[in-house]
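User: I have a structure open and want a quick run through its side-chain contacts. Can you walk me through it?

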Amino acid sequence: IWIAPKPLECVAESIPLQVLYEDAHLLVLVKPRGMLTHPVGRHTTGTLVNALLAHCKNLSGIGGHLRPGIVHRLDRETSGLMVVAKSDKAHRALSDQFRDRTIEKLYLAVVHGQLEHPEGRIEAPIGRDPRAHDRRRVDPQRGKPAVSEYRARSTHGRLSLVEVRLLTGRTHQIRLHLAFLKHPIVGDHLYGRREDERMFRGVALHSHRLAFTHPVSGARLAFESPLPADIRALLEAQPTVTRKR
């Protein structure tokens, strides 16, 4: 006897949120590491959407009932800044800015090794990895264009703190591009070293700066979120040598 699968539901949950800005049209928050952006598969509770449903009465419905308000997402093991739309008008306007690349997105990552070239540009097309559904790969023939700019901020023993500016928004772009440079992010079991779990739980990647044009007022808004305590502790455990800017 075939039984139709039960449709996924998303219920409001009283989960604390670190909100940096909020008005009638949108809000900006800091997503903690380990939290899914929205329900997927068996994971229907404890996500950012569950928390948002308890925090807001109104969220944009463009993303559907499982992704209300979600204009963009961060991987589960990535922390940092996100903007959430409360109205469909704000959602469309923010989506247009992501598409037109007028939203500034700056990330901080802790990577293995010291970079030979302290700054540069990575142009490496990204496509799906046919060997694993949850992985992507650099694919010059069939991949979609992917461009990142990076700059090493400081070195810490055998690790480096690197800032990465996204010029496109492919899935796993920063993780894959830094691994492509032979400097994988600490804790990245998909593209880096599995033994990193002893050093850091999660991926040492943080959405540090987000700047965009308000969809209603037209004002340019910019937000920054400092490195979370676990990434700071990872760096502080290493001898530090700061690069000259």
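Analyst: Below we cover confidence, then aromatic pairs, then salt bridges.

User: What is the mean pLDDT?
Analyst: This is a predicted model. The mean pLDDT of the protein is 90. Of its residues, 93% reach 70 or more.

User: Which element has the lowest mean pLDDT, and which the highest?
Analyst: Strand β12, residues 240-242, is the lowest at 54. Strand β11, residues 220-224, is the highest at 98.

User: Switching to rings. How many aromatic pairs?
Analyst: The count is two. In one of them, Y21 and F223 have ring centres 5.8 Å apart and planes at 50 degrees. That angle falls between the 30 and 60 degree cut-offs, so the pair is tilted.

User: Where do Y21 and F223 lie?
Analyst: Y21 is in strand β1, residues 18-22, and F223 is in strand β11. They are 202 residues apart in sequence, so the pair ties together separate parts of the chain.

User: Y21 and F223: buried or exposed?
Analyst: F223 has 12% relative accessibility, under the 20% cut-off, so F223 counts as buried. Y21 has 26%, so Y21 counts as partly exposed.

User: Which residues do the ring pairs link into a cluster?
Analyst: Y21, F212 and F223.

User: New topic. How many salt bridges in the whole structure?
Analyst: The search finds 18. One of them joins E149 and R121, at 3.1 Å from N to O. E149 is in strand β8, residues 147-156, and R121 is in strand β5, residues 119-123. These are distant parts of the chain, 28 residues apart.

User: How exposed are E149 and R121?
Analyst: Both are partly exposed: E149 has a relative accessible area of 31%, and R121 has 47%.

User: What does R151 form a salt bridge with?
Analyst: E163, with the closest N and O atoms 3.1 Å apart. R151 sits in strand β8 and E163 in strand β9, residues 159-166, so the bridge ties together parts 12 residues apart in sequence.

User: And E163, buried or exposed?
Analyst: Buried, at 11% relative accessibility. E163 also meets R153 in a salt bridge, 2.8 Å from N to O. R153 lies in strand β8 and E163 in strand β9, so this pair ties together parts 10 residues apart in sequence. R153 is partly exposed, at 23%.

User: Which residues are linked in a network of salt bridges?
Analyst: R73, D75, R175 and D188 are linked that way.

Methods: Residues are numbered from 1 along each chain as its sequence is written. This is a predicted model: local features need pLDDT of at least 70, side-chain atom pairs count only at pLDDT 80 or more; totals for chains, interfaces and linings use all residues. Side-chain values use heavy atoms; hydrogens and water are left out. pLDDT is the predictor's confidence in each residue, from 0 to 100. Helices (H or I, at least four residues) and strands (E, at least two) are DSSP runs, numbered from the N terminus. Rings of Phe, Tyr and Trp (its six-membered ring) pair if their centres lie within 6.5 Å; planes under 30 degrees apart count as stacked, over 60 as edge-to-face and the rest as tilted. Buried means under 20% relative accessible area, exposed over 50%, partly exposed in between (1.4 Å probe, protein chains only). A salt bridge is a side-chain nitrogen of Lys or Arg within 4 Å of a carboxyl oxygen of Asp or Glu.
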